[in-house]
Amino acid sequence: MDFLKAIYRFTRPLRAGNSHERRSIQGVMRLSRALRTRLSSNEIRTAMKRKSKLSITAILAVLGGTAVYAEDKYSLKSPDGIAFSDFKGYEDWAVVSSARTDEVLKVIVANPTMIEAYKAGVPNNGQPFPDGSKIAKLQWKPKKSTEAPFVVDVPDVFTQAFVIEKDSKRFPKSGGWGYALFNYEAASDMFTADPSPTDCGHACHVTVKAKDYIFHPYQKR
């Protein structure tokens, strides 16, 4: 389909909106013409910087991108076909453990199926986690608290959800586990499926094969 026609069809429902939306769509059309006439990369970058959040989202959609607003995050799928919706409700899952590096604060949460297995002694009892187990590593940039009466780092900006799910039939080549990474951009309030899910993944988890490929134990509380 012609590039301009594709954008025109995509933005049709928005052109009836308010003046801000119409101005955003006009920006989309101008940027599409710039792309079609193959302006220099610097010119295109300059044009994109002038566009609103709505305009950028429209361009990504037309180009087949995978950026969506936070409220639509569960529509995303990783390049390997793992749906973010498989982890729906992760925001309220029980905490397994936590970790941190110099740059990232991490909280590890798991779904009820996996929490039940943990409490039954898996993996220390030599048994694997059952199919349907799901775990997520949620990551934030840290900041120093300005309210606590002592020095402490607290979460600042959320950045990523690194997720793993157990399905022996679906992922036989990676110990039964499937891995995906979903990035979050606070400035635009948008999630994207990472195009190259290399944030550890199976190659890294092989080092804990004896623990059914899971690094974090369920911490005493």
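This is a predicted model: local features need pLDDT of at least 70, side-chain atom pairs count only at pLDDT 80 or more; totals for chains, interfaces and linings use all residues.

Mentor: Happy to! Residues are numbered from 1 along each chain as its sequence is written, and side-chain values use heavy atoms, leaving out hydrogens and water.

The helix α5 itself covers residues 112–119, and Met114, Ile115, Ala117 and Tyr118 are buried in it. Here helices (H or I, at least four residues) and strands (E, at least two) are DSSP runs, numbered from the N terminus. Buried means under 20% relative accessible area, exposed over 50%, and partly exposed in between (1.4 Å probe, protein chains only). Viewed down the axis of α5, the buried residues fall within an arc of 160°, so they line one face of the helix; that arc is taken over the directions from the helix axis to the C-beta atoms. On the face turned away from this buried side sit the exposed residues Pro112, Glu116 and Lys119.

The cover over the buried residues of α5 includes β2 (94–100), β3, β4 (134–144) and β6 (177–185). Strand β3 (residues 105–110) contains Ala110, which is buried with a relative accessible area of 1%. Beyond its neighbours within four places in sequence, Ala110 is in contact (heavy atoms within 4.5 Å) with Trp93, Ala94, Val96, Ile115, Lys134 and Ile135.
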